[in-house]
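Hello,

Here is the structure I promised to pass on to you. Please have a look at it first, and then read my notes below.

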Amino acid sequence: DEELYELLEGIIRNAKRLKRLTDNLLDVTKIEGRSLKLNKEKFNLNILISEVLKDYVHKQKNQQKVEIVYDFKHKADTIIEADRDRLSQVIHNLLDNALKFTTHQQMIFVIVDKKEGQGQVIVSVKDTGEGIPEKILPKLFSKFSVSNSNTGTGLGLYISKNIIEAHDGRVWAENNSDENGATFSFTLPIAD
């Protein structure tokens, strides 16, 4: 019946939340023990991001609708050498974070731009939410960083930063100057 169905949904939702927390704690342990292993392979970053975005279309069917816009600045393939699963984890973390602070009928933009002369690609997740308070910005990528969300553990951005840096990339966040919201970006080297 409907009551049992709702209870079962609650159990599944909480089991998934506990699994994410356990996975995050294991990742932090690996990062701090310098034993985070990367299984690098060459692949098309554009395809990976498209696959991650498909997950969000399914996630949002029963939740608030937030439009996610994907913008390739270059139509050519973006080939990188990276750990596909770890990079997918970073993109998921950034999108989850953007969804927390983006309300119904607002937009999230995922932008991929190559810097050919610099041999790198920049991936940005730009939301139209409330932005990041200035006092939080300096410690945003720290473990258990203070946030104005009660739905996170404070580990996702810390883990993402360490994964990107392990790939010789850089990650940062800034408030949008032209409108509401914030943009989280990271760079990765383009494969030879």
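Let me start with strand β7 (residues 182-189): seven of its eight residues are buried, so the strand is largely enclosed by the rest of the structure. Buried here means under 20% relative accessible area, exposed means over 50%, and partly exposed is in between, with a 1.4 Å probe and protein chains only. Helices (H or I, at least four residues) and strands (E, at least two) are DSSP runs, numbered from the N terminus.

Before going further, a word on the source: this is a predicted model, in which local features need pLDDT of at least 70 and side-chain atom pairs count only at pLDDT 80 or more, while totals for chains, interfaces and linings use all residues. Residues are numbered from 1 along each chain as its sequence is written, and side-chain values use heavy atoms, with hydrogens and water left out.

Back to β7 and its neighbours. Two strands count as paired if DSSP finds at least two bridges between them. Strand β5 (residues 120-127) runs antiparallel to β7, and seven bridges join them; I122 has T187 as its bridge partner in β7. Strand β6 (residues 170-175) is also antiparallel to β7, with six bridges. Here W172 is bridged to S185 of β7, and E174 to T183. The hairpin of β6 and β7 has six residues between the strands, and G181 takes a positive phi near 100° there.

Leaving out residues up to four places away in sequence, F184 touches L94, N97, V123, S124, V125, I132, L140, F141, L157, W172 and A173, where contact means heavy atoms within 4.5 Å. F184 is also among the residues with the most contacts inside the largest nonpolar core, together with L45, L87, L95 and F186. That core has 42 residues, and helix α3 (residues 84-100) gives the most to it, with seven residues. A nonpolar core is a set of buried Ala, Val, Leu, Ile, Met, Phe, Trp, Tyr and Cys residues joined through side-chain atoms within 4.5 Å.

K126 lies in strand β5 and is buried, with a relative accessible area of 17%. Beyond four places in sequence, K126 touches M107, I108, F109, N176, D178, E179, A182 and T183.

The other is D83, found in strand β3 (residues 79-83). D83 is buried yet has no salt bridge, and the nearest side chain of opposite charge, R86, is 4.9 Å away. For a salt bridge, a side-chain nitrogen of Lys or Arg has to be within 4 Å of a carboxyl oxygen of Asp or Glu; Lys and Arg count as positive and Asp and Glu as negative, while His and the chain ends are not counted. The side chain of D83 does reach the backbone nitrogen of R86, at 3.0 Å. With residues up to four places away in sequence not counted, D83 touches K37, L38, N39, K40, F43 and H167.

As for the overall picture, the protein has four helices and seven strands, in the order α-β-α-β-β-α-β-β-α-β-β from the N terminus. Buried residues make up 42% of its 192 residues. Of the contacts with a separation of 6 or more, 72% are between residues 24 or more positions apart.

Best wishes

Conventions
Polar contact = N/O pair within 3.5 Å; in protein donor to acceptor, adjacent residues only side chain to side chain.
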